[in-house]
Amino acid sequence: MKNKKRISKFLSVFLSLAFVLTMIPSSAFTVKAAEGDSSNSGVVVDKTATLEEDGTYTINLSAYATGTTTTITEKSGTPLDIVLVIDQSGSMAYNDDGRSTNTQSNRRMEKLKDAVNSFVGNISSNAKEYDADHRIAIAGYASNRNAGQSGNIAGIGYNGSGNYWINTGLYVNGSFKNYAGNSNTSSLTAQDYKNALVSVNDANGNVTSSITTAVNSFKASGGTYTEYGMTMAKNVFDNNPIEQGSNRKRIVVLFTDGETNSDINTVLNSANTLKGNNYDATIYSVGFGSSVDADFLGHVSSNYSSASYSNRKYSGTAVASKYSMTATNREELNNIFNNISQDIQNPSTTVALNADSVMRDVIGDGFKLPEGYDASQNVTIKTVAGSTTDGKTITWGAETTSPAGIAASVDGQNVNITGFNYSNEYIAPSHNGKKLVVTIRGVEATDAAVKDAEVDTNAETSGIYATSDAESCIPFPQPKTILTSKSYVLDYAKEVTLNSSEWKQNTLTKISGNMAKEAAAVSARYGKVTKEGNAVKYQPTTTNWDGYDSFYAFGKTTDATVKAASANANGNLWSKVNVIPANNVYYEDDFVTDGNGTVGIEYSGTWNEEGNKSSNKETANGDVQGWETSLADDTGYSDGSAHVSSTSGSTASFKFTGTGVDIYSRTNQTTGTIYVTVKNTKDGTTTTKRTVVDNKAKSGDYYQIPTYTFSGAYGTYEVTVRVTTGAASEGRYTYYLDGIRVYNPIQDQESDQIVKDAYGADELNAVFTEVRGLLDTGSGVAFVDEDASGNSISKNYEDAEVSELAPEHEVYLASGQSIVFSTNGNSNNAYYLGLKAPAGTTSVAFSDAANAATTTIGHTSDLYYTVTPSDGKIVVKNTGDNLLSITKLRTAGSGESGISTQSISEGDAVNAVNALNAAKVVTYKAGTETEEELTEETSKIEEPETTVTEETGNVTIDNEEPTTEQVEQNTTSSNSGITSLFNNIKSFFGRR
């Protein structure tokens, strides 16, 4: 019954596939219409948003019809299971004229591959656009068990003698598998049929690779046994059942260019089964050329719910005529498939926009209707009469407020307007109509809208719906707004001035705890927030600064970018302001608990204040955390004063959260001893660390020395410093408390996006390491001195003339002396060093890539400076005449946490110092930031100076602490007294 393939066969298949590329359904089909544009659905919609003077948004909506076609087309995004039943007979290896060709690109099959690949690409695009899980299977049919083409044709399921199932089978996981088995092949299994149907897109939104592989491996050989293609389509559906409740549709597309070799009734029976209720598949059949049987195409398609063939006649009742098509040229064939493309989309309905229609505004992410929102009080409705004589220009007339029958209601974050009949109120020549105008007041912004960039004020699902249950709409435009933000990082717990211009407000109207109409009190947890003119004063109020404060500022802006957002065109602007503790925060000695909400250091016993306060202020957002401009001129006490006590039993107590704390003091030959207790309670268990510190300086009078340092796991700690008479026999009673520095107070919140953005990559994950400890253990730091001739020589720091001058937790460098760090080479790390001048102004040079960066240091405060490795090494050299103190190394950034240094040989250290001496010199100015000027200085806390014993054992809370009297009684003399005191405490608490 088969006429051997002619040119019509290839064109039929090729052009059929080329067209089927567009056979995908649209999902949530919508029509957009802008103000003045009546080309779509005959409805013109508009929306605006305005940020009002009271801080809330007003939404204005309008819609009107411009003709009688006030309809909306609704289509649903139904997913499809498509089986392509492809004729892969031998003539597909011929050219368009039906002749043999040795040119691969001229073969019909190569053109077919291109068409199918294009088809798959269109399905992929549609699936992504409408979020529809379209699936595809490919079945090829040619020969049966006995008929075919002899010879060995690679890749078509034939090998050896005999003709078995040439080119008839299924593409599974990208590979062709024969329909049934013989000695050389295996049969298709249920799992094969299941696996053959795959989602057109993979998890990344790209075409699934197995589909592309299958298409590119098509071969041409064999006859035209259509029945096997239809049977494979049925088996694909059998092994991929539709889930209950799913609206998934099944489609079969049969391509042919000639008469089938199969028994016609066998093919029709398969088609009848597929079209039946169990499968409910829609079958399209397409033929091309003069040799196709139009009756066969019609009856096998969904033109007939069932059909049969007997005595060379077809029978059956036609239910449609659109599912089978034939063509004699390419243009006709393209038109056919364009019709299929429209029809294969889910059936659409045209719904009139009458009184059942709904104008719906869906409040966008980042905005909300206040709790208890009352539409009757906040939503106004009116209609405006309209007329036109030419159908283009509309004349607007009288307004009607609260028109009868039109109502507003609130459903969650949706405002719905019902009762307006667009079909009746259309505006056209000889037909006057009305425009519906709705105003929604009191919409509030939320944190989700604070993006420092334009955001939509409504969701894209806002629009005109045919009914309340409809899924498609004529969408409204999406007006834009901008809300700005500003974060401040503070490393000095002093008052700071925050200028509104820094968050783009020229005039500050109010500050609030929310962005509502009625301003809420700012309930800052960690500080006091006060508006002063166009600025805000912020004063930290706790030593336990374990989070950050946020508040909202409302005012006027002249910023062009902000005003370009339509809702901000009047200059109104909301901003969110965050105040965040740095990775180290310094507190002055007068940061005390008071009756006005400050919870700081609590003093008991007898304390006096010494010195004259400088009344420093905080400088926010310095380039380096731990560099504070107002401390850079301190040559004595920080901020000019300190608390002092010579009374045994006097205490100073405070609480902090973080990884450690330094307590700064003044040390000389008259300072005495203290007893420090640090407690931490976790999971109901309290551990205590007790330490005795002797504050006597070996020589000199030093200010701002961290004589006590504690470090541990991140947590909340209670610290008590008790003044003792442990050195009374030497006449040393005095203790000075100059300040405290807390480390990593919000370490557990550094993953918070606000904190991450405010810190920047170079300040995250900060680890503080005592340089003296590194030098003493030889882990990553080498000491280099100069000989009498000024030559660099390696040396043991313990042999240096300054090693005994400093407290045990600082490194002192005399003129010409250096230390060298060898870094681990991680370019993501940032390095900072705590530096100060304890005995008068000096100068320092350190490596800065190819340069030697120099600066003058005249402060006794411990401030941090950025140091940049050169050839993997950091060199710090005292180039002045007075002592240079080096306290801690801070490593931060996205690289490895920890010290991030490695051992360095003495020779390499000397070479690094010599390279620094020979390098080009540039000026390092604290507080500036340029390519050549390491301008960022940071302060950090230092380890305590002590000849004292440090008890580190964790002691449970039920252990009794020694009284002041017990501590004092165990101290008898200057040298042996401290040792005795230490030994007694050691024996009492046990040594870890």
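Reader: How many bridges join strand β15 to strand β20, and how do the two run?
Author: Five bridges join β15 (residues 358-362) to β20 (residues 414-418), and the two run antiparallel. Strands are DSSP runs of E with at least two residues, numbered from the N terminus, and two of them pair if DSSP finds at least two bridges between them. With five bridges, β15 and β20 therefore count as paired. In β20, asparagine 414 stands opposite valine 362.

Before we go on: this is a predicted model, where local features need pLDDT of at least 70 and side-chain atom pairs count only at pLDDT 80 or more, while totals for chains, interfaces and linings use all residues. Residues are numbered from 1 along each chain as its sequence is written, and side-chain values use heavy atoms, with hydrogens and water left out.

Reader: What makes β19 and β24 the edge strands?
Author: Each of them, β19 (407-411) and β24 (473-475), pairs on one side only. The open sheet has five strands in the order β19-β20-β15-β23-β24, with antiparallel pairing.

Reader: Why is the pair of tyrosine 64 and tryptophan 396 called edge-to-face?
Author: Rings of Phe, Tyr and Trp (its six-membered ring) pair if their centres lie within 6.5 Å; planes under 30 degrees apart count as stacked, over 60 as edge-to-face and the rest as tilted. Here the centres are 5.1 Å apart and the planes sit at 75 degrees, so the pair is edge-to-face. Tyrosine 64 lies in strand β2 (residues 57-65) and tryptophan 396 in strand β18 (residues 395-401), so the pair ties together parts 332 residues apart in sequence.

Reader: Are those two residues buried or partly exposed?
Author: Buried means under 20% relative accessible area, exposed over 50%, and partly exposed in between (1.4 Å probe, protein chains only). Tyrosine 64, at 4%, counts as buried, whereas tryptophan 396, at 33%, counts as partly exposed.

Key: Helices (H or I, at least four residues) and strands (E, at least two) are DSSP runs, numbered from the N terminus.
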